[in-house]
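Please read this briefing beside the sequence and the coordinates. The points are grouped by topic.

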Amino acid sequence: MTGDQLDVGVGPWPGDPPDDPRYDPELLAEGDRRNVVDRYRYWRREAVVEDLDRRRHDFHVAIENWQHDFNIGTVVRNANAFLAAEVHIVGRRRWNRRGAMVTDRYQHVRHHETIDEFVAWAAARDLPVVGIDNLPGSCPLETTTLPRRCVLLFGQEGPGLSEAARAACDQLFSIAQYGSTRSINAGVASGIAMHAWIRAYADAPPA
């Protein structure tokens, strides 16, 4: 399923309910209208998160949030789709969750007040900070391979990465563009960068 197509879900479980603690009795009785893949139909939210945690990838995603949060929901939704370890929001704690399409219930989200706090967190875990922005000196994402263990850092709509964020990056990569616009938004850029990581390192998703 792509875009924002509605998932009609499934009705009540036919026949005797399964004897499995992963299943939610209410969903079994009433049906499951959530936007989840078929293997998680009728599962309790906690059981879904627990299963995802066993398979999460080695990359994290971070986005600055100083002025507005037009793209954070999309970043979280992309992080869930590509099974990022965590999403890190740097700056303001509050963000509009509507764009996440409820995927934040299944995705770990961590907040950092400042760039310095975020960088200290990454350094303590030996995670290089990889900035994604079309800046002078950035290496083309199309011609390189991202580190396996890393944090992909994105800036805000308009200004892109802040000066402090740029200085904190261990590497900078750009995404090639061919039209008239100067930039693409962070939501789109995050999906492109995460998929570049997936192409380099990930196995096929579960059936």
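Where is the place of Tyr42? Tyr42 sits in the loop between helix 1 (25–30) and helix 2; helices (H or I, at least four residues) and strands (E, at least two) are DSSP runs, numbered from the N terminus. The model is predicted, with local features needing pLDDT of at least 70 and side-chain atom pairs counting only at pLDDT 80 or more, while totals for chains, interfaces and linings use all residues. Residues are numbered from 1 along each chain as its sequence is written, and side-chain values use heavy atoms, with hydrogens and water left out.

**Loop residues with positive phi**

- Tyr42 is a residue other than glycine with a positive phi, near 75°.
- Tyr42 counts as buried because its relative accessibility is 8% (buried means under 20% relative accessible area, exposed over 50%, partly exposed in between, with a 1.4 Å probe and protein chains only).
- Val102, in the loop between strand 2 and strand 3, also is not a glycine and has a positive phi of about 75°.
- At 39% relative accessibility, Val102 counts as partly exposed.

- Seven strands form an open sheet in the order 3-2-1-6-4-7-5, with parallel pairing (two strands pair if DSSP finds at least two bridges between them).
- Strand 3 (109–112) and strand 5 (139–140) are the edge strands, each pairing on one side only.
- Strand 1 (residues 59–65) pairs with strand 2 (residues 87–91) in the parallel sense over five bridges, and Glu64 stands opposite Val90 in strand 2.
- Strand 4 has parallel pairing over three bridges with strand 6, where Leu152 is the bridge partner of Val130.
- Strand 4 also pairs in the parallel sense with strand 7 (residues 171–174), over three bridges; there Phe173 is the bridge partner of Ile132.
- In a regular strand the side chains alternate between the two faces of the sheet.
- From strand 4, Val129 and Gly131 point one way and Val130 and Ile132 the other way, and all are buried.

- Helix 4 (residues 115–124) lies across strand 1, strand 2, strand 3, strand 4 (129–132) and strand 6 (150–154), and runs at about 125° to strand 3.

**Contacts between helices**

- The axes of helix 3 (residues 72–81) and helix 6 (residues 186–201) come within 8 Å and cross at roughly 20°.
- Helix 3 is therefore roughly parallel to helix 6 (angles under 35 degrees count as roughly parallel, over 145 as roughly antiparallel, 65 to 115 as roughly perpendicular and the rest as oblique).
- Thr74, Val75, Asn78 and Ala79 of helix 3 meet Ala186, Gly187, Ser190, Gly191 and Met194 of helix 6.
- By class, this contact of helix 3 with helix 6 has four nonpolar, five polar and no charged residues (Ala, Val, Leu, Ile, Met, Phe, Trp, Tyr, Cys and Pro count as nonpolar, Asp, Glu, Lys and Arg as charged, and the others, Gly among them, as polar).
- Helix 2 (residues 45–53) has Ala47, Val48, Val49, Asp51 and Leu52 buried, and what covers these buried residues includes helix 3.

Notes:
Axes are lines fitted to C-alpha atoms, for helices over the stretch in contact, and angles run from 0 to 180 degrees between N-to-C directions. Contact means heavy atoms within 4.5 Å.
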